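This report goes through selected local features of one structure. Please keep the sequence and the 3D view open while reading.

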Amino acid sequence: MDTAWDHRFAQRTQRMQSSAIRELLKLVNEPDVISFAGGLPGPDVFPIEELNKACTKVLTKEGSLALQYGTTEGYQPLREKIAEITSHYGIGVTAENILITSGSQQALDLLGKIFINPGDKILTEAPTYLGAIQAWAAYGAEYVTVRSDNDGMITNDLERALRLGPKFIYVLPNFQNPSGTTLPLDRRIQLVDLAERYGVPIIEDDPYGQLRYEGEHIPAVEVLDCRIRETNTCYSGNVIYLSTFSKTLAPGLRLAWVVAPPEVIRKLVQAKQGTDLHTATFNQVVAYELIKNGFLEEHIHLIRNVYRERRDAMLRGLEREMPSGVQWTHPQGGLFLWVTLPEGLDTSEIFTDAVKEKVAFVPGASFFPHGGGHNTMRLNFSFSNPEQIEEGIKRLARVIRKYS
Ligand SMILES: Cc1ncc(COP(=O)(O)O)c(C=O)c1O
């Protein structure tokens, strides 16, 4: 409905749209709906007691620091700790390479703010993370997409897309949101080489890399990029890397970070100053208190065990319940798997029926910047326990059988 305010909004505001996922989530909030829709971590793995202790300690010992304004770059001990963690993977990173952000979502927005002119082309996988499409649409981004298969972006198709002159490449190599796929080493190397050859930077978004349930760790694209240049103690390569504590501690903390060359960090800092001055000091000091002595590694171990069991429950349920012609990915980690129904079926139509049956998912089409994917859906397996997952898949299969 048009209102008196419509003509007053800036052109970029007209491009903003509310997320299909957020709108859908409003429908599935009733307690008897089993929701595979959100990207929510399991609330039962939040480190509530440990955070409680860390909060009390911080307020008792460092209250006046933790409740004060802080620097835009972030709390220095936390930046140093993140640099230290990142350096374990064989990449020279110092605190100068790190900016703390209020969630990776803010990092995506700030990157849009500093890089995207209206009409700039951004190269993404199809499907890709909806939150990035949304954040960059406001800056007037257009999209060039590269198809994906069960191993993520088909890098043999990348060169054709690079010839169209994208501003940067956006890629999620580990347990991708939404598809759950992982980019193998040879494709990562091809990606890094082609990006270097065409002089196009890469934004590597990696919220789930720590949550691997099977198989060997594969080096990050940023680490591979490092290998093709002179080693340096301060990263200055072609990749901007994002990660977050949302999936390893708790999303309510809104704590994430960017690893980038110092000149990119400096511009991001200027952009962030105009947005929120800095990320909540209290949350940063508490998170540092919590992780400074190895808690994170222990906790990630626990989360992996819990989520592996949930993933397996979902895979077993799909195997047992789904009619023939339905396919799904087998994620080695992360929070999601991706289901493809026979051609011609439309998951947004099926969604309404599914909610009536008290089960929810996200229809896949919203993850494609150029449309398509109408017969796909994203399922989250981290939020529900194995019994709920089994029951939810039964309900979902019942609905799908009506259509197939
Ligand atoms: C790929 C990807 N990037 C960024 C985000 C945003 O994460 P944060 O909670 O750190 O803002 C998410 C959240 O689900 C995500 O899946």
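## Two cis peptide bonds

P178 is found in the loop between β6 (168-171) and α8 (185-198). Helices (H or I, at least four residues) and strands (E, at least two) are DSSP runs, numbered from the N terminus. N177 and P178 are joined by a cis peptide bond, with omega about 20°. P127 lies in the loop between β3 (121-126) and α6 (130-137).

The model is predicted: local features need pLDDT of at least 70, side-chain atom pairs count only at pLDDT 80 or more, and totals for chains, interfaces and linings use all residues. Residues are numbered from 1 along each chain as its sequence is written, and side-chain values use heavy atoms, with hydrogens and water left out.

## A positive phi

R254 is not a glycine, yet it has a positive phi of about 50°. R254 sits in the loop between β8 (239-244) and β9 (256-259). Most residues other than glycine have a negative phi, and most peptide bonds are trans.

## Around the ligand

Which residues are closest to the ligand? They are S104, D205, Y208, T244 and S246, out of 13 residues that surround the ligand (a residue counts as near if one of its heavy atoms lies within 4 Å). By class, this shell has 4 nonpolar, 6 polar and 3 charged residues. Here Ala, Val, Leu, Ile, Met, Phe, Trp, Tyr, Cys and Pro count as nonpolar, Asp, Glu, Lys and Arg as charged, and the others, Gly among them, as polar. Helix α5 (residues 103-115) gives the largest share of the shell, 3 residues.

A polar backbone atom of S104 is 2.7 Å from an oxygen atom of the ligand. For D205, a polar side-chain atom lies 2.6 Å from a nitrogen atom of the ligand. On its own the ligand has 400 Å² of accessible area, of which the protein covers 92% (Shrake-Rupley method, 1.4 Å probe).

## How α5 meets α10

Helix α5 and helix α10 (residues 262-276) pack at an angle of about 110°, with their axes 9 Å apart. Axes are lines fitted to C-alpha atoms over the stretch in contact, and angles run from 0 to 180 degrees between N-to-C directions. The angle therefore makes α5 roughly perpendicular to α10 (65 to 115 degrees).

Contact means heavy atoms within 4.5 Å. On the α5 side the contact residues include L110, I114 and F115, and on the α10 side they include V264, L268 and A271. The residues of this contact divide into 7 nonpolar, 3 polar and 4 charged.

## N283 and its contacts

N283 belongs to helix α11 (residues 281-291). Leaving out residues up to four places away in sequence, N283 touches G252, L253 and L255. N283 and G252 are 31 residues apart in sequence, and their C-alpha atoms are 9.7 Å apart in space.

Definitions and conventions: Polar contact = N/O pair within 3.5 Å; in protein donor to acceptor, adjacent residues only side chain to side chain. Parallel < 35°, antiparallel > 145°, perpendicular 65-115°, else oblique.
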